[in-house]
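Thanks, everyone. Please bring up the sequence and the model, and follow along as I go.

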Amino acid sequence: MDQKVQEIVADLKAYLEYLKGMGIETLRVTEEKVEKVIPSEAPTLEEIRRELGDCKRCKLHRTRSTIVFGEGNKKAKLMFIGEGPGYDEDVQGRPFVGKAGQLLTKIIQSIHLEREEVYITNIIKCRPPQNRNPEPDEIQSCHPFLEKQIQSIQPKMICALGTFAAQTLLSTDAKITSLRGRVFELGGIKVLPTYHPAYLLRNPERKREVWEDMKQISAWMAEEDGGD
Ligand code: SF4
């Protein structure tokens with residue numbers, strides 16, 4: 001919640017307490033009035049990027065070269081969310097451009113989509129040193145920006161790539177092996193966890209399972225397109 005909304009909520013609470021003190025327990029408020037008090041529009045990706053600025057909210061800012069915000073269709077129906085930038089991403093400022101990224105491009109193309117048609121980002125926007133796993137405080141600091149990106153794009157489906165993306169989005173510590181291929185719901189958005197492309201590069205025998213997951217996504221996409 002941004003500061004302005006917090007102030008409005010605090011004012012409203014104080015006012016309701018005051019009315020309660022006067023014996024008034026219920027209030028009728030029209031939708032129109034609520035609309036005027038609380039802004040309902042989601043922020044644009046440009047606004048979110050501006051708010052992120054030259055972010056120093058966690059220690060990863062000390063070692064990164066570039067913030068990797070994300071890229072793709074601002075109104076994508078399908079989002080891919082990975083773990084964090086690696087070396088190539090840190091240098092280029094773009095998500096999934098190294099070897100794992102090339103594999104992700106192929107995975108996207110396998111369901112007859114191009115990268116430009118989906119939105120691609122990560123749980124954290126800065127590369128951890130030596131590509132180590134993101135730490136809980138780093139995920140926590142960066143997560144509000146991912147939430148805003150999702151709010152802005154309003155995808156129908158999210159494909160969570162790997163353990164950290166799946167666990168963060170679904171607020172669970174379950175292993176990716178038990179989450180993979182299952183469909184979850186997050187505020188009206190379908191979430192399907194699958195293996196991270198970097199894991200697939202090390203374990204190519206797992207590609208078949210990812211292919212099965214992509215078939216599920218493809219079926220949803222066809223259903224969605226039919227429903228439009
Ligand atoms: S990882 Fe996120 S919170 Fe941490 S410095 Fe980078 S942009 Fe900021």
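Start with helix α7 and what its buried residues pack against: β2 (78-82), α6, β4 (157-161), α8 (176-179), β5 (184-186) and β6 (189-194). Packing here is contact, meaning heavy atoms within 4.5 Å. Buried means under 20% relative accessible area, exposed means over 50%, and partly exposed is in between, with a 1.4 Å probe and protein chains only. Helices are DSSP runs of H or I with at least four residues, strands are E runs of at least two, and both are numbered from the N terminus.

A word on the source. This is a predicted model: local features need pLDDT of at least 70, side-chain atom pairs count only at pLDDT 80 or more, and totals for chains, interfaces and linings use all residues. Residues are numbered from 1 along each chain as its sequence is written, and side-chain values use heavy atoms, with hydrogens and water left out.

Back to α7, residues 163-170. Seven of its eight residues are buried, so the helix is largely enclosed by the rest of the structure. Those buried residues are Phe 164, Ala 165, Ala 166, Gln 167, Thr 168, Leu 169 and Leu 170.

Take Thr 168, in α7. Its relative accessible area is 14%, so it counts as buried. Not counting residues up to four places away in sequence, Thr 168 touches Ile 123, Ile 139 and His 143. Now look across to Glu 83. Thr 168 and Glu 83 are 85 residues apart in sequence, yet 9.6 Å apart in space, C-alpha to C-alpha.

What comes after α7? Ser 171 does, and its phi is positive, near 45°. It is not a glycine. Most residues other than glycine have a negative phi. Ser 171 lies in the loop between α7 and α8. At 68% relative accessibility, Ser 171 is exposed.

There is another residue of this kind. His 112 has a positive phi of about 60°, and is not a glycine either. His 112 sits in the loop between α5 and β3 (119-122). Buried or exposed? His 112 is exposed, at 72% relative accessible area.

On to α8, where we find Leu 179. Leu 179 is buried, at 4% relative accessibility. Beyond four places in sequence, Leu 179 touches Ala 166, Thr 172, Ala 174, Phe 184 and Pro 193. Leu 179 and Thr 163 are 16 residues apart in sequence and 8.8 Å apart in space, C-alpha to C-alpha.

Next, the core. A nonpolar core is a set of buried Ala, Val, Leu, Ile, Met, Phe, Trp, Tyr and Cys residues joined through side-chain atoms within 4.5 Å. The largest one has 55 residues. Which members touch the most others? Leu 78, Phe 80, Ile 81, Ile 150, Ile 158, Met 214 and Ile 217. Helix α6, residues 136-153, gives the largest share of this core, six residues. Look at Phe 80. Setting aside neighbours within four places in sequence, Phe 80 contacts Leu 104, Ile 108, Val 118, Tyr 119, Ile 120, Thr 121, Cys 159, Leu 161 and Met 214.

Glu 71 is partly exposed, at 22% relative accessible area. Leaving aside neighbours within four places, its contacts are Arg 94, Pro 95, Arg 115, Val 118, Tyr 119 and Ile 120. Glu 71 and Pro 95 are 24 residues apart in sequence and 7.1 Å apart in space, C-alpha to C-alpha.

Gly 93 lies in the loop between α4 (87-92) and α5 (99-109). Gly 93 is partly exposed, at 24% relative accessible area. With neighbours within four places left out, Gly 93 contacts Thr 66, Ile 67 and Val 68.

Then the ligand. Around it are Leu 52, Cys 55, Arg 57, Cys 58, His 61, Arg 64, Lys 125, Cys 126, Ser 141 and Cys 142, each with a heavy atom within 4 Å.

Last, the whole chain. There are 10 helices and six strands. Of the 228 residues, 41% count as buried. Among contacts between residues at least 6 apart in sequence, 71% join residues at least 24 apart.
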